[in-house]
Amino acid sequence: MSKFQFPESILSRPVYGTLAPRPGKSHLMIADAEGAEALLELADRDENLMANSHIIYLPKDTGETYVDRLRAAGPNQLYVGPSFAAATQRIRHVLGQAHMGLQVYLTGTEGLIGQAMNEATAVGIPHTAIQTEHRGSVARRMQCVHCKGITEDVTTDPFVCSHCGLNLFVRDHYSRRLAAFQGVCIDAEDPGNVPDPVELYS
Amino acid sequence: MTIQFNEETFRDDYSFRNSDWAIKRFPFPFHEDSYMYSVNMEQHRGGPAGSVYEKRFDVDEHYVSEMRDRALVLDDDPLRCQSLPHMTLAGWDTLELIMVSKSEDYPDLFELHRDGDQWHWINRPMGIEQKFTFLDETTLPCGPLEYITRQAQGDFAVLDQRDEMLWMDAGMVTTQADWSLDFDIGMNFFEWHAPVPLAHEMGIFKRALKFLLNIQQGAPARRLNWTMTVNPLLDTSPENYHKWGIQKTQMTPETIGAKQHLRVELQTFYRLPRSNALLFPIRCYLIAFQDLTTIPKWGRRLHRVIRDLPEELATYKGFIDNRPMMLDYLSQFDDGQPTSPGIWPDLTSEPALKK
C-alpha cells in the first residue's frame, strides 16, 4: 500500500489530498515512483481524462513497475524520465505553453510534489488550484538552514547535511518557495552529542 | 537632546552597554507579574517624552554601532535582505516613511529635501549624503528597502496584502529572534508563525491577522514581544545557530548578571500608501539582567514572570535549560512586595528592595 496518513502537524507543513478528475481542456500530471498508482486510479475514475493528458513520470527506484500500465491508460503524451532535474526543462516548456483550463495533478513523494508545485506557481497558477496526493516514500527534501544546501530524500532524523556535513534535525517547518523542510543543527549547544538517527515516522 | 552614540560591538568582545538613560527608557514588556500570549496591540501615536514609544522610529545611543553590525551580517550573508519582484514599490514606500519620519522627528540628525522626485537625504550620524530620484532604482546604490534599512535600527518585514491574508514577501532581517527570512519569505501569516506553540490554539493569530488587515494609513499600531539572549548578540539567526548556540551553555552564577539579556521587540505596523503593503518593523532592545534589576519593580516582576512561565513557552523561547540559574539569580531581587500595574519603572513611587 503506497498511502501514508501523516499525523497532524504545524500550519506550514503541506497537507495532501486525493486526486480527483476535474473538468479541463488539458491535464498535466507529474508523478514519481508510487505516484503512478494515484494516476492509474485517476484514469479509472474518468475514462475520458487520459486522452487530453500529458504525464511526466519519474519511476525512481520503482523501475519498470508502473510504466506499461501508465502507457496502457492511454495518455495523450507520456514522458518517462530519470530525475526531476532532467525533466525540469520539459515541465517549464509545457507550463509555458499552457492555456486557461489546464488542470495540474501532482503525486508521489513530497520532494516531487513540492518542486513541481514551484514550477506551476512560477507561471501564475495559484497553489490552492493544484491537486496533490502523496504516495510512496515519506522521504523529505531538506534545506540546511546553515549552508542553504538541499539534501534530497532524507529518511532519518537526525541526518547529515550532504553539503556542509553538520548534523541536522528534521523540522516540520516547510517553505513552498524552496520546496523543502528546514534542517537545523542538532548539537550546537552540546557539540558531538548527536542522537542515533531514527527512521522518519517510525 | 543630542544623542551620544556608543562605540560598541554586538559580537566577539561584546562591548555593548546601556547607559543609565537607556536603562530607564528600556521597553519592559510585562505589565503584570505573569505572562501569557495576547493580541496586545495599541495605537502607535507617540508616548511619554524620552520613551522608546515617543517617535515613529526610535533612534538611540546604539544606532551607529547597530548599523555597523548589520553591515557585517550582510557582508557575510546577503540573503538577509530580500524582496520578491512585486515588492519594489513597497520598498519605496518604506524608504519614504522612514526618511520623512526621521527627518521630522530628529531634525538635528536627519534631513530630507524634496523637489518633485529629486530627493536629497542627509544622515549625519552615519555620515551619508545621497541625492536620488524617487522611484528610480538606478539612482540608489542598492534597492530602496535595503538602502533605507541599512540606516534604520531593527528588522523590517514587508507584508503584501492579498486574498484577505498577509504574505512575508520582503524584508531586512539581521537582529532576529531565531527565524530565517530566507526560509520564510513568501509564506503567509499563519505559515511563518507555524512553529509558535500554544498561540494558534488560543486563536491569537486569527485575531491578530484580522486586526492587521485593517490597519489604515496614518494609524500605525504597536506591541511588545520578548525572549532571552545570552550575550548582547543581535544576530541570533538560525543561519548562525551552530556558531552562537554554544554561548547559551557558557553562563555561570557569577557571570549570569552580565551575560543574560532580556531581549524585547518593539513591533510596529504601518500601512504603506502606494503598495497597500504593511510595514512591520521589529526593533530589538537588549538589557543585561544586572542592569534591569537596578529598577526595583522590574527585578521583582521579572523573577515572578520567569518563575511562572509555562514550560512550552520557556522551551520555545530557548531558555528552559538556563531557567533554574536565572531564577537563582533573579530571586535576590524579589522581596515579595507587591508591584504597581503597568510597564513603567515607577522609580519614585515603588519601594526599594528590602533584602
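Predicted model: local features only at pLDDT ≥ 70, side-chain atom pairs only at ≥ 80, totals over all residues.
In chain B, helix 11, which spans residues 296-308, and helix 13, which spans residues 323-330, have axes that come within 9 Å and cross at roughly 155 degrees. Because angles over 145 degrees count as roughly antiparallel, helix 11 of chain B and helix 13 of chain B are roughly antiparallel to each other. The crossing by which helix 11 of chain B passes helix 13 of chain B is left-handed. From helix 11 of chain B the contact draws on B:Leu302, B:His303, B:Ile306 and B:Arg307, which meet B:Arg323, B:Met326, B:Leu327 and B:Leu330 of helix 13 of chain B. By class, the residues of this contact between helix 11 and helix 13 of chain B are 5 nonpolar, 1 polar and 2 charged.

A further helix pair is found in chain A, where the axes of helix 3 (residues 84-97) and helix 4 come within 10 Å and cross at roughly 30 degrees. The crossing of helix 3 of chain A and helix 4 of chain A is right-handed. On the side of helix 3 of chain A, the residues in contact are A:Phe84, A:Thr88, A:Ile91, A:Arg92 and A:Leu95, and those they meet in helix 4 of chain A are A:Leu112, A:Gln115, A:Ala116, A:Glu119 and A:Ala120. The residues of this contact between helix 3 and helix 4 of chain A comprise 6 nonpolar, 2 polar and 2 charged.

Helix 4 of chain A also takes part in the lining of the second largest pocket, to which this helix gives the largest share, 5 residues. The space in the second largest pocket is about 770 Å³. Its lining consists of 27 residues, and those nearest the centre of the pocket are A:Thr121, A:His127, A:Arg176, B:Arg162 and B:Gly186. Two or more residues of this lining are given by each of helix 4 (110-122) and strand 10 (167-175) of chain A and by strand 7 (165-172) of chain B. In terms of residue class, the lining of the second largest pocket holds 10 nonpolar, 10 polar and 7 charged residues.

The largest cavity holds about 140 Å³ of space, and of the 17 residues that line the largest cavity, B:Arg56, B:Phe57, B:Asp58, B:Gln153 and B:Arg283 lie nearest its centre. Strand 9 (260-271) and strand 10 (278-288) of chain B are the elements that give two or more residues to the lining of the largest cavity, and the largest share, 4 residues, comes from strand 10 of chain B. The lining of the largest cavity divides into 9 nonpolar, 3 polar and 5 charged residues.

For the second largest cavity, the space comes to about 100 Å³. The lining of the second largest cavity is made up of 16 residues, of which B:Asn18, B:Asp60, B:His62, B:Tyr285 and B:Leu286 are the closest to its centre.

Two features of the backbone remain to be described. Most residues other than glycine have a negative phi, and most peptide bonds are trans. In chain A, the peptide bond from A:Asp157 to A:Pro158 is cis, with omega near 0 degrees, and A:Pro158 is placed in the loop between strand 8 (156-157) and strand 9 (159-160) of chain A. In chain B, the phi of B:Leu198 is near 70 degrees, a positive value in a residue other than glycine, and B:Leu198 lies in the loop that runs between helix 6 (189-192) and helix 7 (204-213) of chain B.

Definitions and conventions: Residues numbered from 1 in each chain as written. Chains lettered and ligands numbered in written order. Heavy atoms only, no water. Axes fitted to C-alpha atoms, helices over the stretch in contact; angles between N-to-C directions. Parallel < 35°, antiparallel > 145°, perpendicular 65-115°, else oblique. Left-handed = near helix turned anticlockwise from the far one by under 90°. Contact = heavy atoms within 4.5 Å. Nonpolar A, V, L, I, M, F, W, Y, C, P; charged D, E, K, R; others polar. 1 Å grid on protein atoms, 1.4 Å probe; cavity = no way out; pocket = protein on both sides within 12 Å on 5 of 7 lines; lining within 4 Å. Points joined across faces, edges and corners; volume = space filled by probe spheres on them.
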